[in-house]
Amino acid sequence: DSALFYKANVHLQLSQPREAIPALQKIPATSAFYGEAEWYLALAYMQTNDTKAAREILSGISQKPGHPYQQQAASLLQEWK
C-alpha cells in the first residue's frame with residue numbers, strides 16, 4: 001500500500017494525475033493510507049477535469065466523521081455550489 005501511495009504522490013508532484021489515479025484506486029480501505037488516498041484521488045480527478053468523480057469522492061469524504069480531510073472536502077464542495 002505504501003508503495004502505491006508514494007508512487008501516486010510522485011505522479012501528482014510531476015503534474016501527472018492520470019498516472020496517479022490507478023495507483024490511488026488500488027489502495028484498499030483497510031490501508032493506513034486510505035483516507036489520504038481518497039483525498040488525493042479527488043484532487044487528481046479535479047486536475048483531469050473529471051468533476052463528477054471528484055464530487056462523488058468529496059461528498060463521501062465530507063460525510064465521514066473523523067476523516068482527515070472531512071473539512072477540506074466540505075469546503076471544496078461549498079465552493080462548487
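Me: Why is Ser-15 called exposed?

Reply: Ser-15 has a relative accessible area of 61%. Exposed means over 50%, buried under 20% and partly exposed in between, with a 1.4 Å probe and protein chains only; Ser-15 is therefore exposed. This is a predicted model, in which local features need pLDDT of at least 70 and side-chain atom pairs count only at pLDDT 80 or more, while totals for chains, interfaces and linings use all residues. Residues are numbered from 1 along each chain as its sequence is written, and side-chain values use heavy atoms, with hydrogens and water left out.

Me: Where is Ser-15 found, and what is its phi?

Reply: Ser-15 is found in the loop between α1 and α2; helices are DSSP runs of H or I with at least four residues, strands are runs of E with at least two, and both are numbered from the N terminus. Its phi is positive, about 60°, although Ser-15 is not a glycine. Most residues other than glycine have a negative phi.

Me: What makes Asn-49 count as exposed or buried?

Reply: Asn-49 has 64% relative accessibility, and so it counts as exposed. Asn-49 is placed in the loop between α3 and α4, and its phi is positive at about 65° although it is not a glycine.

Me: Why is Ser-62 called buried?

Reply: The relative accessibility of Ser-62 is 18%, so this residue counts as buried. Ser-62 belongs to helix α4. Leaving aside neighbours within four places in sequence, Ser-62 is in contact (heavy atoms within 4.5 Å) with Gln-70, Ala-73, Ala-74 and Leu-77.

Me: Which backbone oxygen does the side chain of Ser-62 reach?

Reply: That side chain reaches the backbone oxygen of Ser-59 at 2.8 Å.

Me: How do you know that the buried residues of α4 line one face of the helix?

Reply: The buried residues of α4 are Ala-53, Ala-54, Ile-57, Leu-58, Ile-61 and Ser-62. Seen down the axis of α4, they fall within an arc of 160°, and therefore they line one face; the arc is that of the directions from the helix axis to the C-beta atoms. The face turned away from this buried side carries the exposed residues Lys-52 and Glu-56. The cover over the buried residues of α4 includes α3 and α5.

Me: What makes the span of α4 close to the expected one?

Reply: Helix α4 has twelve residues and reaches 16 Å from its first C-alpha to its last, close to the 16 Å expected. The expected span is 1.5 Å times one less than the number of residues.

Me: Which residues touch the most other members of the largest nonpolar core?

Reply: Among its 24 residues, these are Leu-24, Trp-39, Tyr-45 and Leu-58. A nonpolar core is a set of buried Ala, Val, Leu, Ile, Met, Phe, Trp, Tyr and Cys residues joined through side-chain atoms within 4.5 Å. The largest share of this core, six residues, comes from α3. Beyond its neighbours within four places in sequence, Leu-58 has contacts that include Trp-39, Ala-42 and Trp-80.

Me: How many aromatic pairs are there, and why is the pair of Phe-5 and Phe-33 called stacked?

Reply: Rings of Phe, Tyr and Trp (its six-membered ring) pair if their centres lie within 6.5 Å; planes under 30 degrees apart count as stacked, over 60 as edge-to-face and the rest as tilted. By this rule there are six aromatic pairs. The centres of Phe-5 and Phe-33 are 4.8 Å apart and the planes stand at 25°, so this pair is stacked. Because Phe-5 lies in helix α1 and Phe-33 in the loop between α2 and α3, the pair ties together parts that are 28 residues apart in sequence.

Definitions and conventions:
Polar contact = N/O pair within 3.5 Å; in protein donor to acceptor, adjacent residues only side chain to side chain.
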